Amino acid sequence: MSSKTLIIVESPHKAEKIQEFLGNNYIVLASKGHIADLAKGGKWGMGIDLKNNFRPHYMLLNDKIKVLESILEAAEKVDNILLLSDPDREGEAIAWHVMQRLDGVNKPIKRITVNEITKKAILEAIKNPRDLDMNLVKAQEARRFLDRIVGFTVSPFLINFFGPNLSAGRVQSVAARIIIDREEEIETFKPEEYWTINSVFHNLQNEKFTAKYEGKLSTKKDVDTILNQINGIDFKVSNIESKEELRKPNPPLITTKLQQVMSKSFGMSSDRTMKAAQWLYENGFCSYIRTDSTRISDEALKDCRDWLKSNNYSIPKKPNLYVAKNSAADAHECIRPTDVNITPSNCKEIITPDEKKVYEIIWKYFVASQMESAIYNTLKVKVTPVNNSNIEFKSSGKSLKSKGFLEIMGINDDSKIDIPNLIKNEKVIIKDPKDILSEQKFTQPPSRYSESSFIKELENKEIGRPATVAEIISKIQLRNYVEKKNNIFYPTDLGKKVNKILKDIFNFVEINYSAKLEKQLDLIADGKLNYLDMLNIFYNDFNNQLIEGYKKQGSLLCECGSPKKLLNGKYGKFYVCLNNHKKSLDASDI
């Protein structure tokens, strides 16, 4: 009699898809995401025992009771259990929570992961089960604890002293600060005057070209000085540089880059992009969509190069390789089509406009990443007065020689070189003083963030992770700290107010500090840092800042020396010591 296996995934749609791939010896069920979370309210507070090595108290989510009952019932009927949630920290934590609840069934439980929902990938994963990776689980727990500690202590602090409906988040507050800091830069920006000079030159064959003066011109006086120096004098072509330049293809997509491209090209929000991408992933059209790795598997690389050759595209002798930012990123693959032969034009199963657009971008970036570079002919010319090499005018241009990857990307570059064939040291002249155009300009303040540029800034500053960017952007708008008008972010007065309060008290809103925490979470995931050590260091500093914040606002002090915060209870208002030393229900305290 053949054995029977239970496979537990996250989403019902994914469960249906995988069940189609497997025979009757498998039961595929969905946990529908997390089945448990940290407790909150009542005696459990934030669900973390801060006095006892951050011991968590998890509770089964109410809407997952029947889900767990179905899983337990199925578990009794099988011989083996495989946990197939997403291949990241969150997925590992989901698998761990399920495994905890299955502890009493006494069946072998293993973890499997796939990077794509295809029959081949599923069958391969089943052959290679592994133990749960507790380093990944601890990294997820540490992130969750940090978020819970900040959210559950700073938000009440803000409400106590600065008004109702205020909140703070470990990452969302930092993200909002980036937009607010940019607004402050714009408001305090002082324009600086500068000038440009462009002149039309003619050679002896009466062929003309335009060149720009290269020196710094701060005032009209600077301009007049140069104009007087070049009035009626002869020039020569002092240098010519002609060469080919390569424009290399972009790497295949990572999550943040996909979001940037979709926002810039189609005006799609990151949340909308990720919903379409999730559908493509769950239906087997693309690989896992939450990644910051540009790595391509050997098999996918070969398939891509084979497709290019069979469709008469030239390819490099060796595959184009793209370096990951860090080892944690390289554990995953890029976002790519699961079958490169399913081109955007011949895929009939993808119906909705959003999913079609997202798939086309994923496919194009992946295929283009393995093509030849585009080649440009470039020309740079330097013109100087015959007797004064200190005054320089420069002209440059480029024209496309070979399209390379631009062909797949659908990019038409019709740029051309508007410079005649010149010879070094040949004479050129300014025929008419009217051919010299000077223009006053002023430096411009930095631009406000579009969704695309904001995502890029979060990535550059290492704020959040691929899986959290869309949620971060949604939250800061939902909290009314930031608003988006015509795809441009503006801070609200409320956002500015809260940001100032947080900056004056807490260092978790510092950009570099937030990035440091992200690196520490990566080290925990790699097994190179103990999560309790990290949490203790964070909490000791954070709690001291919180206590000082309460003291600055004139909070009552407990007999232990810590401030007390005011809470609303079942029987009225009461104070509680910030260090959980003593609760007071004395009305005279209030």
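At what angle do helix α8 and helix α13 pack, and how far apart are their axes?

## Helices α8 and α13

In this predicted model, helix α8 (residues 255-266) packs with helix α13 (residues 451-460) at an angle of about 165°. The axes of α8 and α13 are 8 Å apart. Angles over 145 degrees count as roughly antiparallel, and α8 and α13 are therefore roughly antiparallel to each other. The crossing of α8 past α13 is left-handed.

On the α8 side, the contact is made by T256, Q259, Q260, S263 and K264. On the α13 side, these residues meet E451, S452, I455, K456 and E459. Sorted by class, the residues of the contact of α8 with α13 are one nonpolar, five polar and four charged.

## Helices α9 and α11

From α9, the residues R272, T273, A276, A277, W279 and L280 take part in the contact. Their partners in α11 are D354, E355, V358, Y359 and I362. The contact of α9 with α11 has seven nonpolar residues, one polar residue and three charged residues.

Strands of a sheet pair through backbone hydrogen bonds, either parallel or antiparallel. Here, four strands make an open sheet with parallel pairing, in the order β2-β1-β7-β8. Its edges are β2 (26-30) and β8 (109-111), each of which pairs on one side only. From one strand to the next, the twist averages 25°.

Within this sheet, strand β1 (residues 5-9) runs parallel to strand β7 (residues 80-83), and four bridges join the two. L6 stands opposite I81 in β7. Helix α2 (residues 65-75) packs on the sheet and touches β1, β2 and β7. The direction of α2 makes about 165° with that of β2.

## Salt bridges

How many salt bridges does the structure hold? There are 37 salt bridges in the structure. One of them joins R144 to D37, with the closest N and O atoms 2.9 Å apart.

This pair links distant parts of the chain. R144 belongs to helix α5 (residues 134-162), while D37 belongs to strand β3 (residues 36-38). R144 and D37 are 107 residues apart.

Notes:
Residues are numbered from 1 along each chain as its sequence is written. This is a predicted model: local features need pLDDT of at least 70, side-chain atom pairs count only at pLDDT 80 or more; totals for chains, interfaces and linings use all residues. Side-chain values use heavy atoms; hydrogens and water are left out. Axes are lines fitted to C-alpha atoms, for helices over the stretch in contact, and angles run from 0 to 180 degrees between N-to-C directions. Angles under 35 degrees count as roughly parallel, over 145 as roughly antiparallel, 65 to 115 as roughly perpendicular and the rest as oblique. A crossing is left-handed if the near helix is turned anticlockwise from the far one by less than a right angle, and right-handed if clockwise. Contact means heavy atoms within 4.5 Å. Ala, Val, Leu, Ile, Met, Phe, Trp, Tyr, Cys and Pro count as nonpolar, Asp, Glu, Lys and Arg as charged, and the others, Gly among them, as polar. Two strands pair if DSSP finds at least two bridges between them. A salt bridge is a side-chain nitrogen of Lys or Arg within 4 Å of a carboxyl oxygen of Asp or Glu.
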